[in-house]
Amino acid sequence: MSKIVLTGGCGFIGSHTCVQLQNAGYDVIVIDNLSNSSADVIDNIAKITGKRPAFYNIDCCDLAALKEVFAKESDIVGVVHFAASKAVGESVLKPMLYYRNNITSLLNMLDMAEQYSLKGFVFSSSCTVYGEPDEGNNPVRETSPIKPATSPYGNTKQIAEEIITDLMKAGAKFKSILLRYFNPIGAHPTAFIGELPNGVPQNLLPYVCQTAMGIRKELSVFGDDYETPDGTCIRDYIDVNDLAKAHVRAIDRLVKGEQSENIDVFNLGTGRGVSVLELVNTFMEATGVKVPYKIAPRRGGDIEKIWGNVDKANTVLGWKAEVPLKETLANAWRWQLALREKGVM
Ligand code: UFG
């Protein structure tokens, strides 16, 4: 049985990817230091798939610990590397933490992939590398210009892409895929796994869910004077289950030797731009629950509008976003209700 190492497998996107990899028949080895997640996630993954992934509570910055895992487990064919710090605001305050954590863990995982002659390495990147697209450049393509990063977090994604690209150019033993996500949202339809933000949510949908639940008084819509149809910012919100399935396609492609290039890059989104107000209104329609909101000043550093051209993922990976937005939002709400039931929040 082919084994895949999934770093950050207890996190939001990681846990959903673990489910899809298991459903596709892979044996998954989760490596996670639980810095922004909990080991219960492994139990909940097992409830969904009927199979417990192997789990190591290890920091990917700890090379000696990683070496032990790779020495112990045999038949590892690929890595999907999610493990990273991801809060934009925190990265501005603690840049060293972000550079040390995100870059060291990447270097260590690449070392392991090289040393064990794996077939493939899939890296979790972000549309943040495109910055604010120039007028007329939406939807952004993989070939769209890369803009200087506006936060240390964003910079770690750019640097990571460059490191992997350089290594591939130098002729590594394995091949690689960079996946640039747009805005991942939602939860598994069973409501056994979902997003668990730390403290006050910074991202839109978790804030919407907590407001609908009464945990937050009202949502602040940051700015309604942008150059968009309703004045609020536009993003490409991608269902986390759809996103997870793209990782299976990516790792399959590498493991089965379908990719001739040493490295390739794919946008993962729906190809459709949705405004903040559209998202809030669709949430209310999907759930029947009211979300009190007010228009607040713009949030510093926000991009006005960005959505992805996903033709390449559609044609080359054979992957397409399928879950309708309403269903994604209903799943996120069901997850929020499950958290209340469990007394988490
Ligand atoms: N928003 C609000 N109110 C809130 C939270 C967000 O109006 O309480 C708005 C934002 O202003 C923005 C939109 O909702 O217009 C989406 O904001 P998110 O914070 O959910 O997502 P971002 O697009 O700002 O950021 C996300 C990830 C980053 C990643 C970036 C890439 O969180 O990690 O996409 O562009 F870098």
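Predicted model: local features only at pLDDT ≥ 70, side-chain atom pairs only at ≥ 80, totals over all residues.
For Asn-203, a polar side-chain atom is found 2.7 Å from an oxygen atom of the ligand. Phe-222 takes part through its backbone, with a polar atom 2.9 Å from a ligand oxygen atom. Of the 690 Å² of accessible area that the ligand has on its own, the protein covers 88% (Shrake-Rupley method with a 1.4 Å probe; for residues, only the protein chains shown count as cover).

Residues are numbered from 1 along each chain as its sequence is written. Local features need pLDDT of at least 70 and side-chain atom pairs count only at pLDDT 80 or more, whereas totals for chains, interfaces and linings use all residues; side-chain values use heavy atoms, with hydrogens and water left out.

## The shell around the ligand

The ligand is surrounded by 19 residues, the closest being Asn-203, Leu-204, Ser-220, Arg-235 and Asp-302 (a residue is near if one of its heavy atoms lies within 4 Å). By class, the shell holds 10 nonpolar, 6 polar and 3 charged residues; Ala, Val, Leu, Ile, Met, Phe, Trp, Tyr, Cys and Pro count as nonpolar, Asp, Glu, Lys and Arg as charged, and the others, Gly among them, as polar.

Helix H7 (204-213) and strand E8 (219-222) each supply at least two residues of this shell. Helices (H or I, at least four residues) and strands (E, at least two) are DSSP runs, numbered from the N terminus. The largest share, 4 residues, comes from E8.

The axes of H3 (residues 63-72) and H5 (residues 95-115) come within 10 Å and cross at roughly 30°; axes are lines fitted to C-alpha atoms, for helices over the stretch in contact, and angles run from 0 to 180 degrees between N-to-C directions. This crossing of H3 and H5 is right-handed (the near helix is turned clockwise from the far one by less than a right angle). Leu-63, Leu-66, Lys-67 and Phe-70 of H3 meet Asn-108, Met-109, Asp-111, Met-112 and Gln-115 of H5, with contact meaning heavy atoms within 4.5 Å.

The axes of H1 (residues 12-23) and H2 (residues 40-49) come within 10 Å and cross at roughly 35°. H1 passes H2 in a right-handed crossing. Their contact has 5 nonpolar, 4 polar and no charged residues.

## Backbone features in loops

The peptide bond from Asn-138 to Pro-139 is cis, with omega near -5°. Pro-139 is placed in the loop between E5 (120-126) and H6 (152-169). Ser-117, in the loop between H5 and E5, has a positive phi near 45°.

Conventions: Polar contact = N/O pair within 3.5 Å; in protein donor to acceptor, adjacent residues only side chain to side chain.
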